[in-house]
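Student: I have just opened this model and would like to get to know it. Could we go through it together?

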Amino acid sequence: MKPVNELIKSLADRYGRERSSLLPILQGVVEQEKYLSEYSMVEIARELDLPATEVYGTATFYSFLEYKKMGRYIIRLCKTITCAMKGENQILLTIQEMLKIKLGETTPDGLFSLLHTNCLGFCHKAPAMLINNDVYTELTPEKVREILTGYMNRKEEQEENVN
Ligand code: FES
């Protein structure tokens with residue numbers, strides 16, 4: 001595991017140092033660190049030459065600051081207007097029913113956490129969600145069940161590889 005300042009540098013090398021690089025960089029940091037510290041936000045701001053308040057604002061907007069104990073896979077379902085109008089609520093109900101958790105909760109096995117987020121920029125393919133860094137669009141209840149089943153099977157495969 002890299003020290004966080006090195007990690008931020010390598011993420012900025014990979015994604016660029018523009019404003020639009022902020023989201024993938026935040027995701028990369030959270031993926032390794034499991035939360036976003038004040039130190040990380042300041043380092044990201046320095047690396048991208050942005051005000052720290054902007055990094056903080058973006059992190060809040062996309063609910064990257066809700067870091068209690070999070071699962072291995074963090075689902076962020078877009079709740080902004082286009083997704084809301086295109087059936088986000090049905091998707092939310094499907095996820096909640098399948099994982100038996102509510103928004104803001106983590107499954108007891110530590111596999112999934114469920115959060116709302118704001119517009120992910122995929123309104124033309126609404127409804128949309130992120131699972132860690134992967135974007136899923138044009139969601140339907142069936143599609144979501146398939147996607148989540150895929151993640152559950154991944155866990156089993158990983159366990160088999162370890163055994
Ligand atoms: S409103 Fe959901 S992606 Fe834009």
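Student: Among contacts between residues at least 6 apart in sequence, what percentage joins residues at least 24 apart?
Tutor: Good place to start! This is a predicted model, where local features need pLDDT of at least 70, side-chain atom pairs count only at pLDDT 80 or more, and totals for chains, interfaces and linings use all residues. Residues are numbered from 1 along each chain as its sequence is written. Two residues are in contact if their C-beta atoms, placed from the backbone, lie within 7 Å. Among contacts in the chain between residues at least 6 apart, the share joining residues at least 24 apart is 61%.

Student: How many helices and strands does the chain have?
Tutor: From the N terminus on, the order is α-α-α-α-β-α-α-β-β-β-α. That comes to seven helices and four strands.

Student: What radius of gyration does the chain have?
Tutor: The radius is taken over C-alpha atoms, and the globule rule is 2.2 Å times the number of residues to the power 0.38. With 163 residues, a compact globule would come near 15 Å, and the chain agrees with that, at 16 Å.

How values were computed
Helix = DSSP H or I, 4+ residues; strand = E, 2+ residues; numbered from the N terminus.
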